[in-house]
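Student: Could you walk me through the helix packing and the nonpolar cores here?
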Amino acid sequence: MAQKEEAAEASAPASQNGEDLEDLDDPEKLKELIELPPFEIVTGERLPVNYFKFQFRNVEYSSGRNKTFLCYVIEVQDKGGQVQASRGYLEDEHATAHAEEAFFNTIVPTFDPALRYNVTWYVSSSPCVACADRIIKTLGKTKNLRLLILVGRLFMWEEPEIQAALRKLKEAGCRLRIMKSQDFEYIWKNFVEQEEGESKAFEPWEDIQENFLYYEEKLADILK
């Protein structure tokens, strides 16, 4: 279960399956989504089902999605060549620290400089300019770190400064990719809370492939 660090307790959404969160035509529900209580950073191994279904959905217009959810897998190769893996997730409110920054502030400092780390992020949306800059600086000084970022949506991709930041990430050696249906399924199986003793199959939403192709084309145009 998630633990909140220096955080105010957030109210749980009424729906446990995420369906209520999709009804953005209701002004009261939209207002509730936008006015989520601020907190610093949430950490854990598995996130609630309704958070996944709402926050990770690869919609074109992300109204009410004012958090960044970052699921990570860390593979470390020891001196004997053995690979060990660990995983977890971080989430934020944009009013405070971003999840990307939290990863570098709390997790990267625990890395052993003598070992090699392959890190994969599954992020609900791509980094902002400030987080992209932090990623670039961290990769520049952490030579034993390789980073792959898979994103559900592109954050404010029309903005020139965002496009420039994404290109700089590529130049710095950070690999960027839009999440496919299989990636969302991986998150569902490995990072989403399941009913005790029961594991439900991932059910792709109707426009998951269409939206993937939309964002894949946009990212390719930006990075070329």
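Tutor: We can take a pair of helices and then the cores. This is a predicted model, in which local features need pLDDT of at least 70, side-chain atom pairs count only at pLDDT 80 or more, and totals for chains, interfaces and linings use all residues. Residues are numbered from 1 along each chain as its sequence is written, and side-chain values use heavy atoms, with hydrogens and water left out.

Student: How do α4 and α5 cross?
Tutor: The axes of α4 (residues 129-141) and α5 (residues 160-171) come within 9 Å and cross at roughly 15°, the axes being lines fitted to C-alpha atoms over the stretch in contact, with angles from 0 to 180 degrees between N-to-C directions. α4 is therefore roughly parallel to α5, a term for angles under 35 degrees.

Student: And which residues meet there?
Tutor: V129, A132, I135 and I136 in α4 meet E161, I162, A165, K168 and L169 in α5, where contact means heavy atoms within 4.5 Å. By class, that contact has 7 nonpolar, no polar and 2 charged residues.

Student: Switching topic, what's in the largest nonpolar core?
Tutor: It has 38 residues, and F103, W121, I135, I149, L154 and L166 have the most contacts inside it; such a core is a set of buried (under 20% relative accessible area, 1.4 Å probe, protein chains only) Ala, Val, Leu, Ile, Met, Phe, Trp, Tyr and Cys residues joined through side-chain atoms within 4.5 Å. The largest share, 5 residues, comes from α7.

Student: What does I149 touch?
Tutor: Leaving aside residues up to four places away in sequence, I149 touches W121, V123, I135, C174, R175, L176 and R177.

Definitions and conventions: Helix = DSSP H or I, 4+ residues; strand = E, 2+ residues; numbered from the N terminus. Parallel < 35°, antiparallel > 145°, perpendicular 65-115°, else oblique. Nonpolar A, V, L, I, M, F, W, Y, C, P; charged D, E, K, R; others polar. Buried < 20%, exposed > 50% of the residue type's maximum accessible area, 1.4 Å probe, protein only.
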